[in-house]
Amino acid sequence: MEIVYVYTKRRSEFGRQCNFSDRPAELHVDILPDPSLAANFIERDPCDVPLQCSQEMSEHEVNTERYESESRGINHAEGGWPKDVNPQEMEQTIRYRKKVEKDENYVNTIMQLGSHMEHCIKQNNAIDIYQEYFEEDEEMEECEEQPSAKTINIFRDPNEIKRTATSLSWHPDASRKLAVAYSTLEFQRATPDMSLDSYIWDIENPNKPDMTVKPVSPLVCLEYNPKDSHILRTGTPAKEASPWRCQLFEHSHRDPVFKVIWLQSKTGTDAFSASTDGQVLWWDIRKLSEPTERLVLDPSRKGNLDNALGAISLEFETTMPTKFMVGTEQGLVVSCNRKAKTPAEKIVCTYSGHHGPIYALQRNPFFPKNFLTVADWTARIWSEDIKESSIMWTKYHMAYLTDGCWSPVRPSVFFTVKMDGTLDVWDFLFKQNDPTLSLKVCDEALYSLKVQDNGRFLACGSQLGTATLLEISPGLCFLQKNEKALATAMFERETKREKILEARQREMRLKERSRSEQSKEEESKEAHGAEESAEELTIQAEKEFFDIVDGELKKREKEEEKCKEKDVCEEKDG
């Protein structure tokens with residue numbers, strides 16, 4: 001049950017307190033027996049008299065103030081170096097360490113601490129009698145429970161002017177914190193008194209945010225750094241930004257940044273961003289004055305920014321470090337190769353199948369060659385090998401789809417949210433035409449969706465700034481028996497079917513092309529014949545005309561001769 005408002009009242013405002021005390025019994029009425037009533041007495045045998053000997057109890061309810069938890073962090077810095085040693089110089093620190101290691105007091109201290117350390121390590125390595133040795137096998141068992149999801153917490157925008165929860169990001173370590181970006185999607189209608197803050201929530205404390213992010217402009221998207229959870233990469237309507245430093249406007253995006261993704265690197269400082277200005281920019285957060293690399297999404301591969309496609313979504317798989325994909329406003333998915341030498345070679349191919357902007361684009365975490373797109377009124381599953389069409393797709397819904405993602409623990413499950421406030425959970429191994437679970441999360445439109453890494457919790461962001469935390473039933477967040485093999489077989493079967501249809505379509509196009517070429521040849525012949533002189537055509541027409549006339553005359557002569565012969569024969573018979 002969700003408590004919308006907590007009523008609190010002081011004890012002194014309830015009135016005078018009731019004080020009770022023990023005292024002896026008092027006789028108030030003494031009724032003497034009446035002999036006249038004995039005549040009306042009727043004996044009953046047997047006589048059952050029920051008695052209630054249980055103690056009477058009363059139940060009371062009271063609303064108390066909710067417990068609010070608050071977590072604080074601390075940053076530890078390396079110290080203890082002598083004044084003559086610069087900690088930034090590696091040679092000086094190595095020389096000082098070697099000097100300390102040769103000291104006898106240091107060696108004796110380490111020897112004394114070694115025994116205690118060894119004892120603690122042995123305690124940690126002791127056998128756990130409660131350890132589950134076959135936990136994976138239990139997860140593989142099929143769950144007969146019906147798919148379901150329940151609301152755990154609701155995080156509301158604490159400001160009076162509500163904004164849309166445009167992006168969500170789970171903390172990479174504990175996953176107990178959820179970062180939510182708040183912004184109005186109608187940027188021109190933003191008022192000066194509208195708050196610019198975004199928040200980081202503790203999933204167990206929905207009363208107030210755990211931390212506040214104060215950017216220079218509203219955040220459209222944000223993403224935790226997987227290697228350093230203290231860093232958030234964000235995108236804004238005016239320019240791309242970081243919580244601490246901003247890029248120069250002339251070197252950054254010109255339109256709102258709708259997606260940012262961290263790259264897999266040794267330093268953990270590389271990221272790239274996409275905007276509707278038609279650019280994909282690579283950044284190193286150690287130097288944010290300008291991007292390290294730039295790609296213009298021009299389909300003609302000429303690098304013309306005026307013809308570029310606006311980018312809405314991004315996809316990068318760490319197992320494919322050179323490949324990335326971009327979802328555009330025009331409904332195209334652009335596959336790119338970052339390591340290509342020329343800008344024209346960086347755009348590999350495009351996938352077309354949607355009528356509107358692609359709001360979600362993600363590869364399957366188990367089968368990276370297959371990826372999911374969410375746009376217009378449907379969600380589609382693609383194979384890298386098929387360019388013409390998707391291999392699987394959902395039915396067209398009445399409401400617009402705004403976001404979607406794969407389950408991180410089940411290869412056949414994905415989630416979508418819609419403008420009518422509904423969350424759909426799809427399991428294509430169970431059924432393909434309808435969602436396995438459809439849940440009405442709220443009355444307003446849902447715009448963002450994010451699943452926790454363990455697949456247990458799911459967060460949805462709405463138009464009025466409400467982030468709803470849902471817990472998924474075990475059947476949807478544990479790997480089922482033979483699920484990977486069945487999903488592989490279905491992907492391969494659908495890919496093969498689309499390849500056959502694509503080959504058939506290609507063959508029909510070739511036949512149509514050959515027919516058109518033949519018709520063109522015939523037309524060219526006719527055109528060539530039309531170039532003959534008018535005299536030749538007149539002579540040929542006259543010859544054909546007189547030939548026809550001579551034939552008709554000869555035909556009439558033959559008919560007249562036959563008629564004469566017939567008349568002669570009749571006269572002889574007569």
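Predicted model: local features only at pLDDT ≥ 70, side-chain atom pairs only at ≥ 80, totals over all residues.
**Entry 1: Asn-482**

Asn-482 is partly exposed, at 47% relative accessible area. That value falls in between because buried needs under 20% and exposed needs over 50%. I found Asn-482 in the loop between α5 (474–477) and α6 (483–529). Then I looked up its backbone angle. Asn-482 is not a glycine, yet its phi is positive, about 60°. Most residues other than glycine have a negative phi.

**Entry 2: Asp-376**

I turned to Asp-376, where phi is near 35°. This is again a positive value in a residue other than glycine. Asp-376 sits in the loop between β18 (370–375) and β19 (378–383). Is Asp-376 buried or exposed? I read a relative accessible area of 1%, so Asp-376 is buried.

**Entry 3: helix α2**

Next I checked the span of helix α2, residues 104–124.

At the start of α2 I looked at Asp-103. One of its side-chain oxygens comes within 3.4 Å of the backbone nitrogen of Asn-105.

**Entry 4: a nonpolar patch**

Which residues make the nonpolar surface patch of about 380 Å²? I noted Tyr-106, Val-107, Ile-110 and Met-111. I then took Met-111 by itself. Met-111 belongs to helix α2. Its relative accessible area is 61%, so Met-111 counts as exposed. I kept one general point beside this entry. An α-helix has 3.6 residues a turn, so residues three or four places apart point the same way.

**Entry 5: Ser-412**

I moved on to the loop between β21 (401–406) and β22 (413–418), where Ser-412 is found. Ser-412 has 0% relative accessibility, so I logged it as buried. What does the side chain of Ser-412 contact? I found a polar contact with the side chain of Asp-427, at 3.0 Å.

**Entry 6: Asp-424**

Last, I looked up Asp-424. Asp-424 has its place in strand β23, residues 422–427. Its relative accessibility is 1%, so Asp-424 counts as buried.

Terms used:
Residues numbered from 1 in each chain as written. Heavy atoms only, no water. Helix = DSSP H or I, 4+ residues; strand = E, 2+ residues; numbered from the N terminus. Expected span 1.5 Å × (residues − 1). Polar contact = N/O pair within 3.5 Å; in protein donor to acceptor, adjacent residues only side chain to side chain. Patch = residues over 30% accessible without salt bridge, like charges linked within 9 Å, V, L, I, M, F, W, Y side chains within 5 Å. Areas by Shrake-Rupley, 256 points an atom, 1.4 Å probe, with all protein chains shown as cover. Salt bridge = Lys/Arg side-chain N within 4 Å of Asp/Glu carboxyl O. Buried < 20%, exposed > 50% of the residue type's maximum accessible area, 1.4 Å probe, protein only.
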